[in-house]
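The points are grouped by topic.

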Amino acid sequence: MKTAFRLKWSAASAFGLGVAFVAYLQIPMLVKFGFEFERHWQWQEQAVESSFRFYAVSLVALLVAGAIFGAFQALALRSHGLRVVPWIVATAVGFVLLAAVFWPLAAAGVLGIIPGPVEPILFTVVGGSLAGVCQYQALRWQGIAASLWLVRWIGGVVGGLVI
């Protein structure tokens, strides 16, 4: 029984994180280009983005990505009698906190131009860890002891990256 749940949980987390990352990338493109899909949306190097619009759109993108990720995980958790709305909200808040990492990189003009997959790694490891901490707090508010779960979650996020 535990193995079946772990497989379900792993699949929901992996698929949810993938969909969340794509949503995070596409929301700024949707705002920039609208529904003109013929324009073949492409990222272009630009000057340092320091406008209010950039920060607002990135915040919305992180919020939506976190909600998507939390919703996929909630699908795996709903059979365990856990309240899913606080779970989804906690996950979204965790990803919104990721702005504290992304915004200084954007202000420095290096976000999107650092060699290597830096942004996906930050999104996965830092966003996943921050979401895990917020989820842990949501579980504590529901009276569920989840310290071991938090350690395993963060270890799994980092271990999954290594693999």
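**Helix H3 and its surroundings**

Helix H3 has 13 residues and reaches 18 Å from its first C-alpha to its last, close to the 18 Å expected at 1.5 Å a residue; the expected span of a helix is 1.5 Å times one less than its number of residues. The model is predicted: local features need pLDDT of at least 70 and side-chain atom pairs count only at pLDDT 80 or more, whereas totals for chains, interfaces and linings use all residues. Residues are numbered from 1 along each chain as its sequence is written, and side-chain values use heavy atoms, with hydrogens and water left out. Helices (H or I, at least four residues) are DSSP runs, numbered from the N terminus.

- Trp87, Ala90, Thr91, Ala92, Gly94 and Phe95 are buried in H3, where buried means under 20% relative accessible area, exposed over 50% and partly exposed in between (1.4 Å probe, protein chains only).
- The cover over the buried residues of H3 includes H1, H2, H4, H5 and H6, with contact meaning heavy atoms within 4.5 Å.
- Beyond its neighbours within four places in sequence, Trp87 is in contact with Trp9, Gly70, Gln73, Ala74, Leu77, Leu82, Gln135, Leu139 and Trp149.

**Packing of H2 against H3**

- Two packed helices are described by the angle between their axes and the distance between the axes.
- The axes of H2 and H3 come within 7 Å and cross at roughly 145°; axes are lines fitted to C-alpha atoms, for helices over the stretch in contact, and angles run from 0 to 180 degrees between N-to-C directions.
- The crossing of H2 and H3 is right-handed, a term that applies if the near helix is turned clockwise from the far one by less than a right angle, and left-handed if anticlockwise.
- Residues of H2 that make the contact include Leu59, Leu62, Gly66, Gly70 and Leu77, and those of H3 include Val84, Trp87, Ile88, Thr91 and Phe95.

**The nonpolar core**

- The largest nonpolar core has 31 residues, and those with the most contacts inside it are Tyr24, Leu62, Trp87, Phe95, Phe102 and Phe123.
- Two or more residues each are given to this core by H1 (2-33), H2 (52-77), H3 (84-96), H4 (99-107), H5 (118-141) and H6 (147-162).
- H2 supplies the largest share of this core, eight residues.
- A nonpolar core is a set of buried Ala, Val, Leu, Ile, Met, Phe, Trp, Tyr and Cys residues joined through side-chain atoms within 4.5 Å.

**Helix H6**

- The 16 residues of H6 should span 22 Å at 1.5 Å a residue, and the end C-alpha atoms are 23 Å apart, which agrees.
- Leu150, Trp153 and Val157 are the buried residues of H6.
- Seen down the axis of H6, these buried residues fall within an arc of 65°, so they line one face of the helix; the arc is that of the directions from the helix axis to the C-beta atoms.
- Leu148, Val151, Arg152 and Val162 are exposed on the other side of H6.
- The cover over the buried residues of H6 includes H1, H2 and H5.

- Ser13 is found in H1 and is buried, with a relative accessible area of 9%.
- Not counting residues up to four places away in sequence, Ser13 touches Phe69, Gln73 and Trp153.
- Glu119 has its place in H5 and counts as buried at 16% relative accessibility.
- Leaving aside neighbours within four places in sequence, Glu119 is in contact with Phe21, Phe102, Val110, Leu111, Gly112 and Ile113.
- Gln26 lies in H1 and counts as partly exposed at 35% relative accessibility.
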